[in-house]
Amino acid sequence: MIVFLYPWFTIDAIIVWNLSNNNIFVIGWLSIFWMQLNYLEKLMKIHDVHNNLTQPLLLLMTTAIAVTAANLYYVQPILPLIAREFDLDMSELGIIPALNQFGYAIALLFISPLGDSIARRQLIAVLSLVLVVASSLTAFAPNFAAIVTAMFFIGLGANITQQLIPFAASIVKAKDKAATLGTLMMGLTLGILLSRTASGFVAEHFGWRGVYIMSGLVAALFGLLLYVFLPVNKPQSNLRYWPLLQSTLSLFKRHKALQHFTLAGAFWFAAFNVLWATLAIYVSNDPFNYNAQQAGLFGVIALAGVIGAKVSGRWVNVLGSKTLIMLSLLLIAIGFIVTGLFASNLTALIIGIILIDFGVFSAQVSNQVRVFNIDETAQSRVNGIYMLGYYIGGALGSIAGVKAFALYQWHGVIAVSLVFISLSAIFNCRAQQA
């Protein structure tokens with residue numbers, strides 16, 4: 001029996017997984033959130049953006065990043081349920097998570113740069129509204145076309161994460177940047193990983209549509225909190241929209257380092273999505289035969305990624321990003337090899353997922369630290385172009401993973417993932433030392 005204790009901000013949960021008979025018990029409760037608001041408001045000195053990033057504000061931003069990023073991954077453990085309801089084949093099924101990632105990638109190109117030219121607080125409020133509406137449309141989607149359309153707009157709304165990360169990086173002291181990014185990425189990691197557990201649990205008890213009713217309510221709550229507590233930043237650029245986009249592309253052309261960092265991240269994130277786009281499908285069949293809730297609980301096991309993000313934030317200044325990323329890629333490769341060699345063994349699958357997630361999020365923090373050091377006057381644009389490549393890689397991985405599984409089952413998934421990790425290592429080696 002494995003017991004996970006999960007106390008985090010407004011949610012406390014105890015999750016117990018009995019591996020001997022695959023019984024899962026999830027006991028959770030929400031604390032009374034609104035009672036915390038007066039306390040937070042007294043602690044947050046947020047009216048002046050030049051104040052240091054306070055711990056309560058960092059906590060709110062980290063939590064908001066977590067619950068927003070979760071929207072990109074809720075769909076993964078419930079894909080078998082959606083396939084059964086709409087009678088979808090494997091190629092159609094792969095389009096759903098891919099459109100989700102593609103919408104996020106489009107937002108990175110066309111929305112993220114706006115963080116340098118308009119107040120992020122206003123932009124985040126609009127994105128929150130988009131996320132609420134798109135989640136509602138998904139919850140009541142009558143057909144496959146409606147689902148993929150709503151998924152695309154959920155991806156757009158989830159750009160909130162990529163407004164908050166450069167925002168925090170712009171107001172924190174330089175010496176604290178790596179540690180701050182480590183904390184924010186810890187939130188991102190929690191959101192990505194626990195999204196699958198939450199999605200699987202809700203889908204098992206309330207159906208897959210209940211997942212998106214939940215996500216819409218959470219998006220509305222945090223949209224309000226961010227609007228109340230975020231400072232109003234002074235934009236770093238006065239460029240109009242189209243010149244702003246052109247300047248974003250010129251940054252990518254001008255900085256070779258940004259090209260290498262982006263491609264390295266894109267390929268390891270492709271490998272990550274190869275795994276998570278197919279894991280629920282794999283374990284729902286022999287020899288595991290898990291339901292959606294059981295498949296979603298693999299997200300709790302993958303909380304090793306939280307440790308990876310935090311450790312990386314501490315060690316990146318010691319070892320350097322390039323070295324730390326190579327070590328992380330080695331861990332990821334070992335994880336995939338373990339899950340491939342012992343494909344039908346649950347313990348090996350758990351060990352492999354722990355190594356993969358630890359490595360991916362450790363590499364991500366290291367990479368993003370050096371990305372933010374490229375041009376401190378254009379952090380939203382630099383981060384946007386980097387994350388665009390990152391999530392294009394994620395969409396590619398989702399499609400490639402489902403296709404590989406359909407053709408060659410689990411060993412095909414492992415082979416494709418190792419190819420992506422090898423490409424990531426090549427581009428990291430070519431990158432300038434950072």
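The model is predicted, so local features need pLDDT of at least 70 and side-chain atom pairs count only at pLDDT 80 or more, while totals for chains, interfaces and linings use all residues. Residues are numbered from 1 along each chain as its sequence is written, and side-chain values use heavy atoms, with hydrogens and water left out.

**Aromatic pairs**
- The structure holds 18 aromatic pairs, a pair being rings of Phe, Tyr and Trp (its six-membered ring) whose centres lie within 6.5 Å, with planes under 30 degrees apart counted as stacked, over 60 as edge-to-face and the rest as tilted.
- Tyr282 and Phe288 form an edge-to-face pair, 5.6 Å centre to centre with 70° between the planes, and both residues are buried (under 20% relative accessible area, with exposed over 50% and partly exposed in between, using a 1.4 Å probe and protein chains only).
- The rings of Tyr386 and Tyr390 have centres 5.7 Å apart and planes at 35°, so this pair is tilted; both residues are buried.
- Trp268, Phe269, Phe272, Trp276, Phe361, Tyr386 and Tyr390 form one aromatic cluster.

**Charges over rings**
- The charged end of Arg196 sits over the ring of Trp276, 3.8 Å from its centre (NZ of Lys or CZ of Arg within 6 Å of the ring centre and within 35 degrees of the ring normal).
- The charged end of Arg121 sits over the ring of Tyr227, 4.2 Å from its centre.
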